[in-house]
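Student: I would like to learn how to read some features of a protein model. Could we go through them one at a time?

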Amino acid sequence: MNILILSLLAASSIVFGCEITLPQHLLILGESSNSATTIQSKDCEGIVVEDISRLLSELEGRIPSHQLLRMMNQKGHQSLAITPHLIQIQQLKTIIRDQLPMPTGTQIKTTSAINASNFIVLAIGDKVDVRCSGCLFGSHQAVNIDIREFDGNNKSFVAAVDFIKMVRAYRVISPMQSFTAVPNSYLKEEYTESIPHTDLVTDMETLRFYKTNKPVKSGELLRQSDLTAISLVRAGLKTDVILENEMVRIKTQGISRGNGAFGELVEVFHPQKNKKYQGKVVDINKVLVEL
């Protein structure tokens, strides 16, 4: 009998060896966890609290406790009890996207609370509003968070937010040799963070006017430095000239006075009118003159 009682007690200690109590409603201000005042634990090792804190900082929505248990089990924490049965998590990133008129292509890279915990406990009925006074949507922008509590009280916090600009880019999916054309089928479109001086290729439409100047490996993002412009207009040859302004568009022809690649300026002579035009190369044997 004593052995049976001891066995039951041992099993009970395994099942309930670590008890985690979470708030029912959390607002996550930052990605680094700070759970000293928001996560209560009993008979738990520090790594358990750290892991569930990191886990919560990555989740959003209404999360059942059994789902949290399954995720913690995958991290190697088996003997846990988590309450309550349902936790609601809001992410500051999502609230900012919903409430601030962010410029096209702008995304949030990181958020972090300033002089506050990254985990804020909310009550039923609390409303969260964000403000960004004079926000330039760059790095280290101060965003104000106002919490209107159900009982009429207000709380305010400040978070630092890093906004990034995303641009279209093309990843090479098949290797290319030197001095060859760039087939569209060799590229995959994606969006990546805009970093100054990276000279990424962002327009596939004009790639037909270029060829590679070196081998380009699969998996790399295609850059302007990988390409050499092809000469589209050659000196002494007949060239189409488009004269254009907001009101009119006229097409004529002339003789190019020089070679030119896409986007370069060349001079074209019109023999009948004895007139010279300077225009930008826009296609094969075609120059655009803006009036």
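Student: In the hairpin of strand 19 and strand 20, which residue takes a positive phi?

Tutor: Asparagine 274 does, with phi near 50 degrees, and the hairpin has four residues between the strands. The strands here are DSSP runs of E with at least two residues, and helices are runs of H or I with at least four residues, both numbered from the N terminus. Two strands pair if DSSP finds at least two bridges between them.

Student: What should I know about the model before going on?

Tutor: This is a predicted model, in which local features need pLDDT of at least 70 and side-chain atom pairs count only at pLDDT 80 or more, while totals for chains, interfaces and linings use all residues. Residues are numbered from 1 along each chain as its sequence is written, and side-chain values use heavy atoms, with hydrogens and water left out.

Student: How many bridges join strand 19 to strand 20?

Tutor: Six, and the two strands run antiparallel, with strand 20 covering residues 275-283. As an example of a facing pair, glutamate 267 stands opposite glutamine 278 in strand 20.

Student: In which sense do strand 17 and strand 19 pair?

Tutor: Strand 17 (residues 249-256) and strand 19 (residues 265-270) are antiparallel, over two bridges. Serine 256 has valine 268 of strand 19 opposite.

Student: Which strands close into a barrel?

Tutor: Five strands do so, in the order 16-17-19-20-21, and the pairing is mixed. From one strand to the next the twist averages 50 degrees; axes for such angles are lines fitted to C-alpha atoms, for helices over the stretch in contact, and the angles run from 0 to 180 degrees between N-to-C directions.

Student: Where does the parallel sense come in, and how many bridges does that pair have?

Tutor: Strand 16 (residues 238-244) pairs in the parallel sense with strand 21 (residues 286-290), over five bridges. Valine 241 has valine 287 in strand 21 as its bridge partner. With strand 17, by contrast, strand 16 pairs in the antiparallel sense over seven bridges, and a hairpin of four residues joins the two. There, aspartate 240 is bridged to glutamine 253 in strand 17.

Student: Is strand 16 mostly covered or mostly open?

Tutor: Mostly covered: five of its seven residues are buried. Buried means under 20% relative accessible area, exposed means over 50%, and partly exposed lies in between (1.4 Å probe, protein chains only). Lysine 155, in strand 11 (residues 154-172), counts as partly exposed at 31%.

Student: How many disulfides does the structure hold?

Tutor: Two. A disulfide is a pair of cysteine sulfur atoms within 2.5 Å. One joins cysteine 18 to cysteine 44, S to S 1.9 Å, and is right-handed with 100 degrees about the S-S bond. Cysteine 18 lies in strand 1 (residues 18-21) and cysteine 44 in the loop between strand 3 (40-42) and helix 2 (46-58), so the pair ties together parts 26 residues apart in sequence. Cysteine 18 is buried, at 4% relative accessible area.

Student: Which cysteines form the other link?

Tutor: Cysteine 132 and cysteine 135, S to S 2.4 Å. This link is right-handed too, with 75 degrees about the S-S bond. Cysteine 132 is buried at 16%, and cysteine 135 is buried at 12%.

Student: What is the volume of the largest pocket?

Tutor: In general, rolling a probe the size of a water molecule over the atoms shows where empty space is left. On a 1 Å grid over the protein atoms alone, a cavity is a set of points where a 1.4 Å probe fits but cannot get out, whereas a pocket is an open set with protein on both sides within 12 Å along at least five of seven lines; lining residues have an atom within 4 Å of a point. Grid points are joined across faces, edges and corners, and a volume is the space filled by probe spheres set on the points. Here the largest pocket has a volume of about 160 Å³.

Student: Which strand gives the most to its lining?

Tutor: Strand 6 (residues 86-91), with three residues. The lining residues of the largest pocket include Gln24, Arg62, Leu86, Ile87 and Gln88.
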